[in-house]
Amino acid sequence: MSGPRTATQLEPAKLAELVAGFASDVKAMDIVELDLRGVLGYTDYFVIATGGTDRQAKAVHDRIHENMKKDHGLLPRRVEGLGEARWILMDYLDVIVHVFTPEAREYYRLEQLWGEAPKRTVE
């Protein structure tokens with residue numbers, strides 16, 4: 001008898017790829033996967049995406065949340081920033097998702113902060 005899936009049952013790289021794909025489905029912009037293995041101790045990947053407005057950022061969150069739950073039985077350990085929806089953080093342990101509005105992404109500049117990490121841009 002199998003229980004609900006956990007994040008550890010999906011390879012971190014596959015989890016990052018799935019999340020990026022769901023963000024792309026709802027027209028998120030500038031989707032980037034940062035491979036932080038060996039750089040950070042608390043996660044393997046950041047997936048960073050931009051929604052054109054706070055409303056679109058929330059839609060990106062909703063798509064990721066619904067599809068990860070429905071298709072893989074996964075819920076984030078925690079979600080922050082959903083109220084304002086300028087910077088929404090979804091913690092899937094091995095993968096941390098950051099969904100920004102354009103202004104917030106420019107302000108926080110996560111890609112520059114972790115510039116040494118290998119990066120994959122998602123079309």
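Helices here are DSSP runs of H or I with at least four residues, strands are runs of E with at least two, and both are numbered from the N terminus. On that basis, the chain has four helices and six strands, and their order along the sequence is α-β-β-α-β-β-β-α-α-β. The radius of gyration, taken over C-alpha atoms, is 13 Å, close to the 14 Å that the globule rule gives for 123 residues, so the chain is as compact as a globular protein of that length. That rule is 2.2 Å times the number of residues to the power 0.38.

A word on the ground rules: this is a predicted model, where local features need pLDDT of at least 70, side-chain atom pairs count only at pLDDT 80 or more, and totals for chains, interfaces and linings use all residues. Residues are numbered from 1 along each chain as its sequence is written, and side-chain values use heavy atoms, leaving out hydrogens and water.

Now zoom in on β2, residues 45–50.

What does β2 pair with? Strands pair if DSSP finds at least two bridges between them. Five bridges join β2 to β1 (residues 29–35), running antiparallel, with Met29 opposite Thr50. Six bridges join β2 to β5 (residues 95–100), running parallel, and there Tyr45 stands opposite Val95.
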